[in-house]
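Here are my notes for your first look at this one. Have the model open and follow along point by point.

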Amino acid sequence: MVEVSRSQLLACDACPRLVALRGRVRSLHPDYHAAPVAPWGPKTARLLIVGLAPGMHGANRTGQPFTGDASGRFLFDSLYRAGFATAPRAENAELNGTRITNAVKCLPPGNRPLAAEIRNCSAYLTAEIGTLLGRRPRRSRVVLCLGRLAHEAVARVLPVVLNLSGPVPVPAFTHGRRTEIATHVYLVDTYHPSRQNTQTGRLTRTMLDAVLSDIRRIIDAP
Ligand code: SF4
């Protein structure tokens, strides 16, 4: 699996609609990152968290996934409690054995990437999951999907990552479900920590804590 450098990612212009939006955002907010957002966290991590795409005033502003907005605050609160981050606020935290990325690296209009944009960006996600799986094969590793679209983006690239000729039988997105997709490799689902989900009670802190506790058990298993 070919690893992609940060500079290669930053130069990507494969999605004309998103490249145009990056330009518009940059002229409105010259201090915003407004470019592809690279993964954050050590490449040796055994937990890879996959969101959908950068938020306008979150990662699209800061250049770091899940920082600077309400989704990031909700996620980091739970990551901290489960020992995957060193502080409850992303701005002050280091990630602990954890890496965070998005299926789509550029801000999409209305938080809704097109299917073609998810496809265009899948080579990066493939490389990131490949990195996770290539490390420490005797220890458990986890891909945590934040929401259905992230789950589907991950499921789509698994045959390439696992070097299989056919699709990998991955059950449909279900909050809290864990699936062993290869030996010692688990796919876990949670609702996305978006305001839409957290303010309506679809995703509570207790629910996200339970998912992360389950992942902690997987990661800590001998
Ligand atoms: S979304 Fe991904 S593939 Fe599309 S321009 Fe951004 S980095 Fe490139």
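1. A definition to begin with: a salt bridge here is a side-chain nitrogen of Lys or Arg within 4 Å of a carboxyl oxygen of Asp or Glu. Side chains of opposite charge can pair when their charged atoms come close.

2. Some housekeeping. This is a predicted model, where local features need pLDDT of at least 70, side-chain atom pairs count only at pLDDT 80 or more, and totals for chains, interfaces and linings use all residues. Residues are numbered from 1 along each chain as its sequence is written, and side-chain values use heavy atoms, with hydrogens and water left out.

3. How many salt bridges does the structure hold? The count is 9. One of them joins R17 to E117, with 2.8 Å between the closest N and O atoms. This pair ties together distant parts of the chain, 100 residues apart: R17 belongs to helix α2 (residues 16-28) and E117 to helix α5 (residues 115-120). Helices are DSSP runs of H or I, at least four residues long, numbered from the N terminus.

4. Is E117 buried or exposed? E117 is buried, at 5% relative accessible area, while R17 is partly exposed at 31%. The cut-offs: buried is under 20% relative accessible area, exposed is over 50%, and partly exposed is in between (1.4 Å probe, protein chains only).

5. Now try helix α7 (residues 148-161), which holds both E152 and R148, 4 residues apart or about one turn of the helix. Their salt bridge has its closest N and O atoms 3.1 Å apart. E152 is partly exposed at 30%, and R148 is also partly exposed, at 47%.

6. D214 and R217 form another salt bridge, at 3.6 Å from N to O. Why is about one helical turn between them? Because they are 3 residues apart in helix α9 (residues 205-220). D214 is buried at 13% relative accessibility, whereas R217 is exposed at 53%.

7. Look as well for the network of salt bridges that links D77, R81, R205 and D209.

8. Last, the ligand. It is surrounded by 13 residues, the closest being C12, A14, C15, C106 and C121; near means having a heavy atom within 4 Å. That shell divides into 10 nonpolar, 1 polar and 2 charged residues. Nonpolar covers Ala, Val, Leu, Ile, Met, Phe, Trp, Tyr, Cys and Pro; charged covers Asp, Glu, Lys and Arg; the others, Gly among them, are polar.

Terms used:
Helices (H or I, at least four residues) and strands (E, at least two) are DSSP runs, numbered from the N terminus.
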